[in-house]
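Biologist: I have not looked at this one before. Can you take me through the aromatic side chains?

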Amino acid sequence: QLQAYGGGLVQTGGSLRLSCAASGGTFSSYTMGWFRQAPGKGRKFVAGITWGVGLTYYGDSGNERFTISRDNAKNTVYLQMNSLTPEDTAIYYCAASTAYTAQYPNEYNVWGQGTLVTVSS
């Protein structure tokens, strides 16, 4: 199971750190990813971090301003988001995959419930 938290209301230019706690599996064996879904739009890949060496990779939504990291000892993956804009407003989901550099929703096996991020102008 995955539990995402840390969302909230922030002003333009602000920062948030999302967390996703995993339970019930071998966390270190999974690639972890963050996706987001804005109202009326599809789910888009934001960032991923692989099992093993922890290679990080980003989608167009998360490049440069976002940083993904993981702490295997705490079974937690993080998404640090900086310089937020209203376009970043969305529900953010964490997910786990057995594929190494998964970036499509259908490559992910387990999903968290999502946490809402709202960026005001």
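Modeller: What follows covers ring pairs, charges over rings and a surface patch. This is a predicted model, in which local features need pLDDT of at least 70, side-chain atom pairs count only at pLDDT 80 or more, and totals for chains, interfaces and linings use all residues. Residues are numbered from 1 along each chain as its sequence is written, and side-chain values use heavy atoms, leaving out hydrogens and water.

Biologist: How many aromatic pairs are there in the whole structure?

Modeller: The search finds seven. Rings of Phe, Tyr and Trp (its six-membered ring) pair if their centres lie within 6.5 Å; planes under 30 degrees apart are stacked, over 60 edge-to-face, the rest tilted. One of the pairs is Phe35 with Phe45, edge-to-face at 5.5 Å centre to centre and 70 degrees between the planes.

Biologist: Where in the chain are Phe35 and Phe45?

Modeller: Phe35 is in strand β4 (residues 31-37) and Phe45 in strand β5 (residues 43-49), 10 residues apart. Strands are DSSP runs of E, at least two residues, numbered from the N terminus.

Biologist: Buried or exposed, those two?

Modeller: Both Phe35 and Phe45 are buried. Buried means under 20% relative accessible area, exposed over 50%, partly exposed in between (1.4 Å probe, protein chains only).

Biologist: Which residues do ring pairs link into a cluster?

Modeller: Phe35, Phe45, Tyr57, Tyr93, Tyr108 and Trp111.

Biologist: What sits over the ring of Tyr93?

Modeller: The charged end of Arg43, 3.8 Å from the ring centre. The criterion is NZ of Lys or CZ of Arg within 6 Å of the ring centre and within 35 degrees of the ring normal.

Biologist: And Tyr100, why is it partly exposed?

Modeller: Because its relative accessibility is 35%. Tyr100 is in the loop between β9 (90-97) and β10 (110-111).

Methods:
Helix = DSSP H or I, 4+ residues; strand = E, 2+ residues; numbered from the N terminus.
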